[in-house]
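Trainee: Could you take me through one part of this model up close? I'd like a single connected account.

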There are 2 protein chains.
Amino acid sequence: MPMVQKLDIHADDLDARAREVLREIVMQHIASGEPIGSRTLAKCDRFQLSPASLRNVMADLEDQGYLQQPHTSAGRVPTDRGYRFFIDHLMKSRNLSAHERESIDEQVGQTSEVDEVLQLTSKLLSSMSDQVGMVFMPTLLQFAIRSMNFILVAENKIMCVIVGGNGMVVNKLVETRLTFTRDELETIGRYITAEFSGMTLDQIRRRLIRLTEQERALHDEMLQKTITLGIEAVNDVAPVHDLIVEGAASMLSKPEFADAGALRKTFLALQEKEKLIHILESFLDEDGLQILIGSESDFTQVHNFSIVARRYGTHSAPLGMVGILGPMRMEYARMAPLVDYLGRALSRKIEEEQEQKH
Amino acid sequence: MPMVQKLDIHADDLDARAREVLREIVMQHIASGEPIGSRTLAKCDRFQLSPASLRNVMADLEDQGYLQQPHTSAGRVPTDRGYRFFIDHLMKSRNLSAHERESIDEQVGQTSEVDEVLQLTSKLLSSMSDQVGMVFMPTLLQFAIRSMNFILVAENKIMCVIVGGNGMVVNKLVETRLTFTRDELETIGRYITAEFSGMTLDQIRRRLIRLTEQERALHDEMLQKTITLGIEAVNDVAPVHDLIVEGAASMLSKPEFADAGALRKTFLALQEKEKLIHILESFLDEDGLQILIGSESDFTQVHNFSIVARRYGTHSAPLGMVGILGPMRMEYARMAPLVDYLGRALSRKIEEEQEQKH
DNA sequence: GTTGGCACTCGGGATAAATGAGTGCCAGGG
DNA sequence: CCCTGGCACTCATTTATCCCGAGTGCCAAC
């Protein structure tokens with residue numbers, strides 16, 4: 001069973017009037033947070049219908065699973081299915097203002113290091129959406145590396161600095177029984193960089209392991225040291241999947257979290273990022289903006305969340321995901337362009353960085 | 001006006017009976033969170049007194065500012081002054097169990113990198129105290145550095161890796177108009193390391209600036225490059241004061257934060273760490289355990305917090321502070337030994353690491 | 001100095017009543 | 001056939017009210 005399963009709903013499942021009603025309900029509910037009743041709906045004069053007629057439409061929508069009532073004498077609230085239909089067929093994205101776009105471009109332009117840009121993006125996502133911002137940075141493992149360097153920290157401690165082709169830099173402290181001089185480390189760094197640059201860490205490891213056999217034959221001490229250190233450096237870089245989560249405090253002001261228990265559960269859930277990483281990872285192959293609603297994944301279901309996310313990186317080499325996490329009742333019309341623009345901005349920035357290098 | 005101002009209270013301001021009563025009230029209130037009344041107090045049979053007598057004592061304590069009533073017809077609650085007296089003169093620390101000590105030692109023993117140890121300490125502080133754990137890591141600026149290394153990332157981008165004498169490693173990406181070859185960078189790294197190792201970054205910068213004059217006379221291109229790069233690398237490392245904050249979610253379950261508004265304010269306050277850093281910094285010169293209560297600093301006053309903190313590092317060279325942050329009503333008797341032990345464990349660990357190097 | 005007694009205060013919990021937004025359904029009219 | 005006004009009904013929420021109990025201060029007696 002796939003962990004993420006979007007609801008599949010066709011546009012012509014609803015006639016024109018029902019669609020308009022559903023759209024108005026979703027929009028008003030997003031704006032107010034309250035259940036919407038037939039009277040409220042009738043007041044908005046785009047329908048020339050009486051409350052009673054609207055009630056009929058609404059009852060139909062409820063039967064078909066697009067709306068639900070919190071209790072008998074309350075108005076209607078969209079279900080997951082309702083939101084899904086809205087997002088797929090009814091929503092009109094409200095583009096970012098020129099001012100907002102400029103602000104993003106300017107701030108992104110000012111950063112230089114990749115880590116910094118990712119962090120900034122996450123902060124921007126959070127502050128501009130007033131939701132939780134997420135940037136998923138996949139491991140270096142899957143990308144070609146540019147160089148490896150070794151720095152003597154202490155007699156048996158060597159700091160290994162791996163520079164990825166995308167400008168990412170990873171430090172790894174290696175402890176070893178062997179002793180190295182500074183000169184040796186430089187030689188090793190040059191050798192590994194010259195020999196393996198452009199390969200992924202995984203490929204490098206395999207090559208190094210293969211080299212072990214040669215070394216056995218040659219009994220070359222230097223080669224042995226190179227292999228030992230290289231393998232150590234390359235090992236275990238894998239689990240550095242990192243998810244930058246920013247702005248968890250934004251949830252505190254949302255009426256959805258008035259209850260302290262729900263709040264607590266959510267915070268604890270955010271603390272362990274594995275599930276979120278899992279979900280974001282599953283979208284790495286998907287092109288374009290992805291929206292995930294409530295019951296469509298186990299994580300979002302439990303907390304009644306939605307995720308709006310998008311891939312970043314080049315088309316041929318996706319780097320990771322950016323997105324926001326918030327209650328199902330969020331302004332998708334604004335969130336969608338925001339995430340989209342920030343994803344593009346980030347991709348552009350990274351591409352620029354890479355071009356500079358060649 | 002100093003930002004941090006501890007209340008100064010003498011032990012003999014209260015007679016024996018008043019002290020016992022105050023102590024019992026503080027302890028019971030810490031345990032229950034409720035205001036303590038004279039009846040409750042009389043039941044605890046260490047006083048052979050009637051509620052009425054206790055009321056007299058309590059009224060006196062209130063007049064002197066050690067207790068207060070949330071409202072008429074409620075029991076008494078300790079004031080800041082009451083807590084201060086309790087901590088200074090009445091508290092009996094409850095030492096960590098052997099099991100707890102072993103658990104700490106074992107986990108600390110398993111880590112190797114400094115960053116990792118600091119992070120772990122913060123997590124341990126938080127999980128073992130069920131409060132917010134803090135580890136303040138001061139800038140590299142004030143410590144002697146061990147080596148500097150330069151790695152070519154792109155034509156005009158150089159990654160500078162500074163290794164501190166304490167094992168800290170800082171990366172800094174420098175962009176420059178000059179172009180460097182890999183060989184040049186190695187030469188520069190060697191030169192700077194040989195010339196300046198053992199000095200603080202601040203000293204290094206001053207030396208480099210002085211070198212500028214020599215360079216003017218010599219017109220040595222290599223020297224010029226060295227100076228330019230060196231100064232760039234050393235500049236602006238200063239503001240990397242870092243405060244590791246762990247376990248903010250622990251506040252969610254405390255009755256003090258049942259109110260969503262207070263919770264929100266607190267989370268936002270924790271997000272900007274400057275004030276906390278400021279407070280912790282002010283304790284860097286102080287020996288031994290520091291406890292700061294409510295009104296004794298502006299930060300703790302606003303949020304009704306207390307801070308229990310302690311310096312770590314060697315006696316001659318303090319590295320930073322470890323501590324916990326929580327509501328005033330916390331189990332000081334347990335928190336004090338905990339922070340103290342973790343501070344010592346961290347210091348020991350760092351000392352060990354340093355010894356290995358020599 | 002200690003104690004029991006007493007009148008008084010006040011927050012919080014429980015209960016009851018009032019409110020009002022909303023629904024479903026039905027019968028009548030275009 | 002669809003729309004509409006009317007009507008009875010439901011039910012969460014708010015408001016008012018009462019009561020209880022924990023706690024206090026004060027006083028008179030021991």
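Mentor: Helices here are DSSP runs of H or I, at least four residues, and strands are E runs of at least two, numbered from the N terminus. Bear in mind that this is a predicted model, where local features need pLDDT of at least 70, side-chain atom pairs count only at pLDDT 80 or more, and totals for chains, interfaces and linings use all residues. Residues are numbered from 1 along each chain as its sequence is written, while chains are lettered from A and ligands numbered from 1 in the order in which they are written.

Now, α8(B) has a kink of about 25 degrees centred on T212(B), taken as the angle between axes fitted to the seven residues ending there and the seven starting there. Buried in this helix are L201(B), I204(B), R205(B) and L208(B), buried meaning 20 or more other C-beta atoms within 10 Å of a residue's own, with C-beta atoms placed from the backbone. The buried residues of α8(B) pack against β4 (145–154), α7 and α9 of chain B; contact means C-beta atoms, placed from the backbone, within 7 Å. Just past the end of α8(B), H219(B) has a positive phi of about 55 degrees.

As for those two neighbouring helices, E184(B), I188(B), Y191(B) and I192(B) of α7(B) meet K225(B), T226(B), L229(B) and G230(B) of α9(B).

Notes: Buried ≥ 20, exposed ≤ 12 C-beta atoms within 10 Å, placed from the backbone.
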